[in-house]
Amino acid sequence: MKKLSTQLLFVIGLLLITQTNAIAQRNFGFYSNFQNLPQSHYYNPSWNAKNKIYFSIGTGMHSFGASNSGFALNDILVSRAQDDSLVIDPAGAISKMAKLNYLGFSAQNELLGFGIKLKKSYVSFSIVNRFDMSFAYPKDFIQLIFEGNGGEFLGKRVNMDGLGVNMNSYIEYGFGYNREIGSKWKVGARYKLLSGIANVKTKKSVLGLTTDETTFDLTIDGALDLRTAGIPDSNSTFDQNGAFNFKNRGMAFDFGVTFQATEKLKLSGSLLDLGSIKWTQNVQNFSKEDFSYTFRGVDINQAINDTNYFETLQDTLKEIFFVDGNNASYRTALPMRVIVGGTYDINKLFGVGATWFSDFTNRKYRPTVMLSGTMHLKNWLFVNVNYTVSSRSAKNIGIGFALKGAGMSYFVTTDNLLGFISPAGAKNFHVSTGLGFCIGRDKDKKAGK
Amino acid sequence: MKKTNFYWISVFTLLALVITGCKKAGFDKIATQAWSPNLAVPLAVGEFSVYDILVNKDSSILTVGPDGAIAIVYSDSADIVKASDIIALPDQNFDYNGSMAAYGIPPVLTFTGTQTYTINQTFPLNNPSGGSLFTIDFRTGNLSIDVETNLMHSVKYDFTFPDLKENGVVVTRSINLNYTGSVPQQGNSAVNLQNAILDLTNGPGGSNEVRVELAIIIMGSGSPITGTEYVDFSLAMQNLDFDLITGNLGSIALPSFKDTIGLKLFNNTSQGTFTLSDPKLEFRFRNSFGIPVDISFNSIKTKEISSGNEFNLTGFPPVFSLADAASPGQSAVSTLTITDQNSANLQTILSPTPKVLIYDIGCSTTGLNTNFITHDSKINLLGTLTLPLEGYATGFMLRDTIEASIDLDNEFVESAMLRLNIENGFPVEASVRVVLVDQNYVLLKDLTNGFKNLINAAPVNSSGRVTQSATAINDFTITNAELPIVKNTKYILFEVGGQTFQGNLGTVVKFYDDYKLKLRLGMQVQAKVKL
């Protein structure tokens, strides 16, 4: 077990060391698997538990995810021909990368959850910790580290545009409401009051290094607009009160709709995290206008004639790379997501589904498609298997279990089982689990479904 | 029951897959490897004009013509004749032994009362330099007057120097000897000659003579005058220096003067031939003596660096007369210019990479009329060799050594390559050999594997002007195996051989002030770091 933990840490560590972006993906397996669980309303506000009352304190839902769009561990660690030793193959990993790659980590932890069904309506309240962090790493950046600037990059610009970190941490206080409209429609919405804890936003990141193929002159160009809030510096400590004091205040909305097209076919869609946070506390912004500087080597003429030449050169470099700072407040939009899906119950035991997810982060659109199958093995046991194509990875097979009974509901689900079986080949790893308490009879059970 | 079994089988299978999957990762099998990035960086950049190359190397002066053409000027200045070389004022001593008869004093048994007797004397000035001196305006000096008599009476000496004036007033001095019963009686006085003017023309000879008038006043004590007594005096002029001397100084042969001009352009040149168009050797004399001087060149020659051979200039004017200054404080400038037109072989003696130019000068005064010399009079010679950078050169070889250390760690460096980019705007090509040696000059690494043509000469048009720069890229590689060896490098030896553009064909090139040599040094390192 110790070895297992060590290896998992190594995997995560290696991914972090090699760096990431974009807001990490969610465990979308939940969407298609467990629409009737109390926690399902996090993915579509028109959904809710079948029980009369649901509540949880600290156990309702915990979701963790990590992803690396650039390469899998198997791409960088390869077997040596003469024996079974592994060797690092940077070229192999680099060949798999896109121009800009993302390494991300996300967590969603329900601190408090409550819901109650009122005839055709459902009202809920939740407090959820949200954390997303990503690191964007250009392919050229990694190639530069491993290969240097003296090989393939001679005469070319090492394109490190987009290199940066994005991180968002806040507490979400959600008030949800949904209602059945007729026999086929159901709509829901959730208003979320947000209290920001910390944020890092790389709004603009341009960085290039060009090495003259003849003279080896180095030209560095770039620009930066980096905004941070709640990040402690050497003179301060992390302020945990940000979770509750609403000094970095924001709000967001979730919307959802469900349409029971036929007895067996159900269509649904949701728009999540439509909102923003205004960051005002402990703000430190850094910016650098577009610049370009070419270092041609020590100027012999000046070095001979000016005894202070090297001090002057040092001052020049400081001036060129000086980054302006300010403490102006700023606003960040939440990474909005759109989910559209449909399920079809083949019979009482089996159902299939298809779901299309879209992340809109930093004006970038990243789609994910999932196909799923659900088995109702018992009234209290559900099993779901899904297949996901996302993050330039098509090797994502997920599985999930849900147990309902004795006033409790428990689930665990992942969208990438191969991440457990063969972590070295995985680009994504997500797992969600939760335990909630239910009061009141499940309508499905009552109906004998 | 069947479905329950399926559930537990699924769970077990999943756990088994997870555990075995993690084992498959095999992180404990990662082998040691090397990280081998290739790094390229610029090290240095420099742009050198002819000023940077030549002026920084020595004290020569570049001159730029109206069209930008450049000439190197080597010069040296020296005072070849000083006032002390022409005239010196030694100490002067005049003694007079005066008897009673000389003064016309008769013998008496008892002398009482007061009686005055006078005598005029002219003394010759000791002038070893020769010539006739008319006046001396003293800068420093002292005139001491000593008197002695054995008269048994009180005596007063009244001296008058009618030709010596202080501030325009004739100098006089009195010395009183009060008889107290013992003889001989002695006394003295002095004159500070600073700023005094002595006229030496009022004697019978018309020059070089000093007149003295002496009045002796005897105040009788009742003692006798026997007629055998004496009344002596002596004059001594010491520590004499002058501000101005006038006179007819005549012909004086002066010591010869020898000077050397270092031609540092060729300092590091071991061999080769330089043919420079229109060299010019100029001697500029500034004479502040009021005396004409004739200059004769005993020899003008160059000395070759490699062989030590000397090459004499011939066919130039043997004697050159210098004008004299019109008045004290002024000077007259006379210039002698030697070129290929008024010499037989100036261009020739400058061709074989000369290291020095040597000239030996004799001179003599030709003062027939009234002349003058001031304390600061001198003849200053400014010798200037002007070498227009125009012509052609072949087969020249330069050598130089610089201290250096190379500290590239072979543990982290697989190989290192130095790249030298050259953009040559000069009409000179260069083949270079660069050698790394240790402190005992033992060869460690021949970077260029013998002579390497580093850069071609920039081509020139029919006027000798460069039309476009020549460019070249030169790479020097040190392998990992060589790194431990070159770590012992103490010196880098450079040998540069070359010629001007088509120098072997006699194509004339000209150097202009806008020519540039651009050097850019970069380094590419194949690193090797064990992981």
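## Exercises on cores, strands and backbone geometry

Of the 88 residues in the largest nonpolar core of this predicted model, B:Ile136, B:Val155, B:Tyr157, B:Ile245, B:Val293, B:Ile373 and B:Ile379 touch the most other members.

**Exercise 1.** Determine which residues B:Ile245 is in contact with, leaving aside its neighbours within four places in sequence.

*Solution.* Begin with B:Ile245 and set aside the residues within four places in sequence; the contacts are then B:Ile87, B:Leu133, B:Ile136, B:Phe372 and B:Ile373. Next, compare this list with the core members that touch the most others, among which B:Ile136 and B:Ile373 are both named.

**Exercise 2.** Identify the strands that pair with strand E23 (residues 378–388) of chain B over eleven bridges and over eight bridges, and find a bridge partner in each pairing.

*Solution.* Strand E4 (residues 70–82) of chain B pairs with E23 of chain B in the antiparallel sense over eleven bridges, and within this pairing B:Ala78 stands opposite B:Leu381. Strand E16 (residues 280–287) of chain B also pairs with E23(B) in the antiparallel sense, here over eight bridges, and the bridge partner of B:Phe285 is B:Leu381.

**Exercise 3.** Give the strand order of the five-stranded open sheet, and name its edge strands.

*Solution.* The order is E14(A)-E2(B)-E32(B)-E25(B)-E29(B), with mixed pairing. The edges are strand E14 (298–299) of chain A and strand E29 (470–479) of chain B, each of which pairs on one side only. Inside the sheet, strand E25 (residues 413–424) and strand E32 (residues 516–527), both of chain B, run antiparallel and are joined by eleven bridges; B:Leu418, for instance, has B:Met523 in E32(B) as its bridge partner.

**Exercise 4.** Locate B:Asn208 and B:Tyr441, describe phi in each, and explain why one is classed as partly exposed and the other as exposed.

*Solution.* Most residues other than glycine have a negative phi. B:Asn208, in the loop between strands E11 (197–199) and E12 (209–219) of chain B, has instead a positive phi near 60 degrees. B:Tyr441, in the loop between strands E26 (428–437) and E27 (443–446) of chain B, likewise has a positive phi, of about 60 degrees. The class follows from the count of other C-beta atoms within 10 Å, where 20 or more means buried and 12 or fewer means exposed: B:Asn208 is partly exposed because its count is 18, whereas B:Tyr441 is exposed because its count is 12.

How values were computed
Residues numbered from 1 in each chain as written. Chains lettered and ligands numbered in written order. Predicted model: local features only at pLDDT ≥ 70, side-chain atom pairs only at ≥ 80, totals over all residues. Helix = DSSP H or I, 4+ residues; strand = E, 2+ residues; numbered from the N terminus. Core = buried A, V, L, I, M, F, W, Y, C linked by C-beta atoms within 7 Å. Contact = placed C-beta atoms within 7 Å. Pairing = 2+ DSSP bridges.
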